[in-house]
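Subject: Structure handover

Hello,

Here is the structure for you to look over. My notes on what turned up follow below it.

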Amino acid sequence: MVGAGVLGLPYAMSQLGWGPGIAVLVLSWIITLYTLWQMVEMHEMVPGKRFDRYHELGQHAFGEKLGLYIIVPQQLIVEIGVCVVYMVTGGKSLKKFHELVCDDCKQIKLTYFIMIFASVHFVLSHLPNFNSISGVSLAAAIMSLSYSTIAWGASVSKGVQEDVQYGYKAKSTAGTVFNFFSGLGDVAFAYAGHNVVLEIQATIPSTPEKPSKGPMWKGVIVAYIVVALCYFPVALVGYYIFGNAVDDNILMSLKKPAWLIATANIFVVIHVIGSYQIYAMPVFDMMETLLVKKLNFRPTTALRFCVRNFYVAATMFVGMTFPFFGGLLAFFGGFAFAPTTYFIPCVIWLAIYKPKKYSLSWCANWVCIFFGLCLMILSPIGGLRTIVIQAKDYKFYS
């Protein structure tokens, strides 16, 4: 659940300000926990059947075809978006590690570091299934906890900067508003983990006496406690120490102690290696199924090899072309993550359970839908503007 988006939270706070920033962080934590509970509950709501994929749940709620058209594009955008962002994150963290460990070495372009990061995935992408990457997942979980703790711990030891400012950085009202939208997207990206929840729950054994939602919900509670322990200290401490001068990745603002920050960057690399695979697996599944069932390709090792390598190469190329961590977070956070995380589970819940009008369940779901829609509409505008502004001064493939 703890994604690399946590590193962008202090930057999001600098764009939102103290009051709105804390409110959005807390609201997002509550809403996404609620929608995650809904998905866990709906996994086995039909006796004797399990909805092991997000689109299967959508098809049950909206019908065979409409369910696919609503869910699958959203899921694909999320999964591809995360993979692109993680390519950039992995490359940037490797570059920072290289600079800290060897400060008098020749500078190497970010493009090459993204290529180095991608080379790992050309190998890992050929692992057979989710269970085969459980070890990688465990390592990723430990890493995310570690680098989050280092991020706020090193910030505390650095102390508040002398000329720290907490006001909005943009000079114009329009700039402030667009940055605010962008900050919303950064938060949405950090809280998005719902896309693969049903696939994960599908790996838990289930019987009528002991349904999978019991252990799954316990896992979710633990995950969300960890999320709170990582997100809130990083966001609040990072912003308090650096103010609006904080980088879009908090670890880029920290330089000392060099060995600790270098370690944190390597932890980020190990984490995003695992996370990339978790988000890439469903895409591999969809692509291979489409080629075999619809286009009548033979399900051979060669097909698997070509499809997976093509996907890794494509995400690497997009990451190398647009290596803007903050802008990408905001754009994908609002455009793709807000629907699948904040309000599609609520829409499905209303469609299936039909709670009584103005009841607590009805009101709660509509509040989530309204909040999620605002995120989905506003955040990509801010994110796209950030990418355009950063691209003006950027030499492509530099």
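Helices here are DSSP runs of H or I with at least four residues, strands are runs of E with at least two, and both are numbered from the N terminus. With that in hand, Y358 sits in the loop between α13 and α14.

Please keep in mind that this is a predicted model: local features need pLDDT of at least 70, side-chain atom pairs count only at pLDDT 80 or more, and totals for chains, interfaces and linings use all residues. Residues are numbered from 1 along each chain as its sequence is written, and side-chain values use heavy atoms, with hydrogens and water left out.

Y358 has a positive phi of about 70 degrees, although it is not a glycine. Its relative accessible area is 60%, so Y358 is exposed. The cut-offs: buried is under 20% relative accessible area, exposed is over 50%, and partly exposed is in between (1.4 Å probe, protein chains only).

K354 is also placed in the loop between α13 (325–353) and α14 (360–392). Its phi is positive too, near 45 degrees, and K354 is not a glycine. At 61% relative accessibility, K354 counts as exposed.

**Helix α1**

How many of the eight residues of helix α1 are buried? Eight of the eight, so α1 (residues 9–16) is largely enclosed by the rest of the structure. The buried residues are L9, P10, Y11, A12, M13, S14, Q15 and L16. They pack against α2 (18–42), α7, α9 (213–242) and α10 (250–253). Contact means heavy atoms within 4.5 Å. G17 follows α1 and has a positive phi, near 90 degrees.

**Helix pairs**

Two packed helices are described by the angle between their axes and the distance between the axes. Axes are lines fitted to C-alpha atoms, for helices over the stretch in contact, and angles run from 0 to 180 degrees between N-to-C directions.

Take α5 (residues 110–124) and α12 (residues 301–321). They pack at about 160 degrees, with their axes 10 Å apart. α5 and α12 are therefore roughly antiparallel to each other. The angle classes are: under 35 degrees roughly parallel, over 145 roughly antiparallel, 65 to 115 roughly perpendicular, the rest oblique. The crossing of α5 and α12 is right-handed. A crossing is left-handed if the near helix is turned anticlockwise from the far one by less than a right angle, and right-handed if clockwise.

On the α5 side, the contact uses T111, I114, M115, A118, H121 and F122; α12 supplies N309, V312, A313, M316, G319 and M320. By type, the residues of this contact are eight nonpolar, four polar and no charged. Nonpolar covers Ala, Val, Leu, Ile, Met, Phe, Trp, Tyr, Cys and Pro; charged covers Asp, Glu, Lys and Arg; the others, Gly among them, are polar.

I114 in α5 deserves a look. I114 is buried, with a relative accessible area of 1%. Leaving aside neighbours within four places in sequence, I114 is in contact with M87, V88, G91, M316, G319, M320 and P323. S93 is 21 residues from I114 in sequence, and their C-alpha atoms are 9.6 Å apart.

Now α4 (residues 64–101) and α11. Their packing angle is about 155 degrees, and their axes are 8 Å apart. That makes α4 roughly antiparallel to α11. The crossing of α4 and α11 is left-handed. Its contact residues divide into 24 nonpolar, six polar and two charged.

**Aromatic pairs**

The structure holds 14 aromatic pairs. Rings of Phe, Tyr and Trp (its six-membered ring) pair if their centres lie within 6.5 Å; planes under 30 degrees apart are stacked, over 60 edge-to-face, and the rest tilted.

F178 and F181 form an edge-to-face pair, 6.3 Å centre to centre, with 85 degrees between the planes. Both lie in α7 (residues 173–190), three residues apart, about one turn of the helix. F178 is partly exposed at 29% relative accessible area, whereas F181 is buried at 16%.

The ring centres of F284 and Y311 are 5.5 Å apart and the planes are at 85 degrees, so this pair is edge-to-face. F284 lies in α11 (residues 258–294) and Y311 in α12, so the pair ties together parts that are 27 residues apart in sequence. F284 and Y311 are both buried.

Ring pairs also link W18, Y166, Y239 and Y240 into a cluster.

Best wishes
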